[in-house]
Amino acid sequence: ANKRIRLISLGAGYDIRSVRWLSSGQVDEAWELDIPAVMESKRIMLERLQRRRQRSSQTTVLPIYRSVDLNNLSQVQDVLQGILTDEHSRSNDQEWHTIFVSEGVLIYLDPTIPGKLLKLCADTVRTGGTGTASLCMADRLENSPGGEELAGREELARSSWELMDWCPKPGLARHMAVARLFPSSS
């Protein structure tokens with residue numbers, strides 16, 4: 001109840017989930033990570049929407065955009081560390097809960113990158129000391145070709161995530177799951 005909520009969308013594309021959640025107060029902070037061309041065109045469209053809504057006295061809160069190639073893990077690490085140590089995030093005494101969202105992005109990454117990316121997210125939260133974290137995904141996990149829950153559970157565990165809910169579906173992004181960061185071993 002005393003935690004602030006941070007949303008980090010991996011490969012956000014043109015999804016406006018973070019805008020809705022920020023504007024309704026469901027999250028305190030939202031960050032979107034995607035390739036530069038997508039981030040720039042989305043920023044332009046959402047700023048136009050924001051101006052229109054301001055004229056009609058509606059409030060639209062925009063996320064913070066970070067251009068990054070999710071295949072470049074060192075670049076992703078730098079961006080995530082920057083987010084988790086952001087001055088705004090540290091300006092209060094409340095603990096943060098970070099929700100990572102991955103929807104149809106892991107399927108487009110280079111081989112071996114998806115598991116490393118999920119592990120990097122977990123490790124960065126742990127080393128940043130910024131509280132707890134969850135993963136919400138509709139994507140495809142490596143080493144889990146079908147919809148088998150055990151294979152998904154094992155793949156997430158290799159990346160430091162504990163499976164909480166599993167709901168496979170047909171299609172490329174067949175693994176729908178909610179996971180939480182394994183408790184720290186310290």
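**View 1. The surface of the predicted chain.** The chain exposes about 9600 Å², and carbon and sulfur atoms supply 51% of that area, where accessible areas come from the Shrake-Rupley method with a 1.4 Å probe and, for residues, only the protein chains shown count as cover. This is a predicted model, in which local features need pLDDT of at least 70 and side-chain atom pairs count only at pLDDT 80 or more, while totals for chains, interfaces and linings use all residues. Residues are numbered from 1 along each chain as its sequence is written, and side-chain values use heavy atoms, with hydrogens and water left out. Of the 186 residues in the chain, 44% are buried, a word that stands for under 20% relative accessible area, with exposed meaning over 50% and partly exposed lying in between (1.4 Å probe, protein chains only).

**View 2. The chain as a whole.** The chain has six helices and seven strands, which are DSSP runs numbered from the N terminus (helices H or I with at least four residues, strands E with at least two). Read from the N terminus on, these elements follow the order β-α-β-α-β-α-α-β-α-β-α-β-β. The C-alpha trace spans about 50 × 40 × 30 Å along its principal axes. Among contacts (heavy atoms within 4.5 Å) between residues at least 6 apart in sequence, 67% join residues at least 24 apart.

**View 3. Charged side chains.** The chain carries 23 positive and 24 negative side chains, and the centres of the two sets lie 5 Å apart. Lys and Arg count as positive and Asp and Glu as negative, whereas His and the chain ends are not counted; each charge is placed at NZ of Lys, CZ of Arg, CG of Asp or CD of Glu.

**View 4. Strand β1 and its two partners.** Strand β1, residues 4-10, is mostly covered, with six of its seven residues buried. Seven bridges join β1 to strand β4, residues 96-103, and the two run parallel; strands count as paired if DSSP finds at least two bridges between them. Within this pairing, Trp96 in β4 is the bridge partner of Arg4. With strand β2, residues 29-34, β1 also pairs in the parallel sense, over five bridges, and here Arg6 stands opposite Glu29.

**View 5. Ser74 in helix α3.** Ser74 lies in helix α3, which covers residues 73-84, and it counts as partly exposed because its relative accessibility is 48%. Although Ser74 and Leu120 are 46 residues apart in sequence, their C-alpha atoms are 9.4 Å apart in space.
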